[in-house]
Amino acid sequence: MKLDILISLWLIVCLACNPDKRRKVNDAEAKFTTSDASELFFKNVRQSYYDKETMDAAKLDIYRIKERSQVEDQPVMNLAIVINWRYDEAYVLTEPNTYLQQQDTLRIYWQDSVQQTGVYEYVPGNKEKHYQFASQIYNSLQDAHQLSTESTQGERVPVLATRDEREAFRKTMMDYYRLVDLY
């Protein structure tokens with residue numbers, strides 16, 4: 001009897017701490033408010049996986065996942081989580097590397113396993129645009145799409161092609177969704 005209770009408690013704890021990694025989100029449903037519980041979870045459990053930059057004058061803390069790619073000779077799409085502790089808000093910012101910043105409008109092309117294709121376009125803008133673009137890419141990663149962009153020579157070049165790059169992006173988005181209570 002006691003063993004059954006212990007196993008049940010262990011399963012509850014594991015399920016509560018381990019959200020579904022394949023879960024998708026509504027990319028049009030932007031949310032920026034945080035709760036005390038979500039901020040405590042991030043700061044006590046997830047913060048150690050990030051490099052932290054503090055902007056005291058603006059009352060912002062910026063977090064970039066440590067395992068992100070920092071190469072500049074190929075396209076890399078990284079993210080930053082910005083916590084505005086004055087207003088109990090959090091934002092996700094897309095941070096294309098120098099290779100991708102050469103484009104006025106960033107176009108990420110996706111292709112699924114049955115040859116359906118599409119494109120996500122991003123023009124730098126407000127927090128809603130950052131959220132929507134990052135969520136579209138996240139949902140594409142959840143669907144196992146192949147992502148690419150165009151080089152300055154007009155050739156298709158893979159983006160988020162390695163498992164490590166995809167995981168860094170996915171983990172950052174999951175942490176952000178938890179922070180704003182969407183997960």
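Which hand, left-handed or right-handed, does the crossing of α3 and α4 have, and what surrounds that crossing?

Mentor: Keeping in mind that this is a predicted model, the crossing of α3 and α4 is left-handed. Two packed helices are described by the angle between their axes and the distance between the axes. Here the axes of α3, residues 127–142, and α4, residues 163–179, come within 10 Å and cross at roughly 120 degrees; angles of 65 to 115 degrees count as roughly perpendicular and those over 145 as roughly antiparallel, and α3 and α4 are therefore oblique to each other. On the side of α3, the residues that take part are Tyr131, Ala134, Ser135, Ile137, Tyr138, Leu141 and Gln142, and they meet Arg166, Phe169, Arg170, Met173, Met174, Tyr176 and Tyr177 of α4. By class, the residues of this contact comprise 10 nonpolar, two polar and two charged.

Turning to α4 by itself, its 17 residues should span 24 Å at 1.5 Å a residue, and this agrees with its end C-alpha atoms, which are 24 Å apart. Of those 17 residues, 14 are buried, so α4 is largely enclosed by the rest of the structure. Just after α4 comes Asp181, which takes a positive phi of about 60 degrees.

The C-alpha atom of Pro124 is separated by 10.0 Å from that of Glu95, although the two residues are 29 residues apart along the chain.

Notes:
Residues are numbered from 1 along each chain as its sequence is written. This is a predicted model: local features need pLDDT of at least 70, side-chain atom pairs count only at pLDDT 80 or more; totals for chains, interfaces and linings use all residues. Side-chain values use heavy atoms; hydrogens and water are left out. Axes are lines fitted to C-alpha atoms, for helices over the stretch in contact, and angles run from 0 to 180 degrees between N-to-C directions. Helices (H or I, at least four residues) and strands (E, at least two) are DSSP runs, numbered from the N terminus. Angles under 35 degrees count as roughly parallel, over 145 as roughly antiparallel, 65 to 115 as roughly perpendicular and the rest as oblique. A crossing is left-handed if the near helix is turned anticlockwise from the far one by less than a right angle, and right-handed if clockwise. Contact means heavy atoms within 4.5 Å. Ala, Val, Leu, Ile, Met, Phe, Trp, Tyr, Cys and Pro count as nonpolar, Asp, Glu, Lys and Arg as charged, and the others, Gly among them, as polar. The expected span of a helix is 1.5 Å times one less than its number of residues. Buried means under 20% relative accessible area, exposed over 50%, partly exposed in between (1.4 Å probe, protein chains only).
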